[in-house]
Amino acid sequence: MVHDVLAALWQRRAQLAIEHLKSYLLGATRFRTIDALRARLAYAHYLDHQRAHTPEADSSTENALAANDLSAALLAGLRQLPDHTQAVFRLSRFEHRSVAEIASRLNLSPKTVEYHLTRALKLLRVSLRDFVLLALWWWV
């Protein structure tokens with residue numbers, strides 16, 4: 001503030017007729033400070049007004065599209081699995097059945113059910129790898 005006052009005084013030195021330099025400098029600095037504070041306050045009010053009247057960013061549409069794309073990619077990968085592996089995966093992941101329940105329902109041993117689950121997860125991981133990499137790239 002003081003620098004601005006002194007620079008303005010120097011630029012207008014030919015037009016000014018100052019009788020009391022100390023009083024002039026104190027008054028000019030005080031008024032310059034008051035003007036700066038008013039400007040900051042006005043800017044703060046402006047920012048508050050903008051925040052209050054600017055709608056929040058809504059990404060629900062993008063999230064819904066991404067979820068639909070992931071679901072479609074999962075179903076496409078699931079269709080590529082053998083029938084028994086598909087059935088075991090659907091019972092495990094979509095119907096939340098335990099290994100013992102799946103084994104008794106499909107007349108398989110628990111080890112066979114675990115084999116099919118492991119196989120399904122491995123194959124789905126490979127088929128969804130490109131989708132996941134693309135989704136990560138898009139979100140970043």
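These legends describe close-up views of a predicted model.

View 1. Phe-131 sits in helix α6, which spans residues 110-139. Its relative accessibility is 22%, so Phe-131 counts as partly exposed; the buried class ends under 20%. Phe-131 touches Ala-66, Asp-69, Leu-70 and Ala-73, leaving aside residues up to four places away in sequence. Leu-41 lies elsewhere: 90 residues separate Phe-131 and Leu-41 along the chain, and their C-alpha atoms are 50 Å apart.

**View 2. The Asp-48 and Arg-51 salt bridge.** The structure holds four salt bridges. In this one, the side chains of Asp-48 and Arg-51 meet at 3.2 Å, N to O. Both residues belong to helix α2 (residues 21-53). They are three residues apart, about one turn of the helix. Asp-48 is partly exposed, at 45% relative accessibility. Arg-51 has a relative accessible area of 58% and is exposed.

**View 3. The Lys-111 and Glu-114 salt bridge.** Lys-111 pairs with Glu-114, with 3.9 Å between the closest N and O atoms. Both lie in helix α6, three residues apart, or about one turn of the helix. Lys-111 is exposed, with a relative accessible area of 65%. Glu-114 is partly exposed, at 37% relative accessibility.

View 4. Between Arg-97 and Glu-95, the closest N and O atoms are 3.6 Å apart. Arg-97 is partly exposed, with a relative accessible area of 36%. Glu-95 is also partly exposed, with a relative accessible area of 39%.

Terms used: Residues numbered from 1 in each chain as written. Predicted model: local features only at pLDDT ≥ 70, side-chain atom pairs only at ≥ 80, totals over all residues. Heavy atoms only, no water. Helix = DSSP H or I, 4+ residues; strand = E, 2+ residues; numbered from the N terminus. Buried < 20%, exposed > 50% of the residue type's maximum accessible area, 1.4 Å probe, protein only. Contact = heavy atoms within 4.5 Å.
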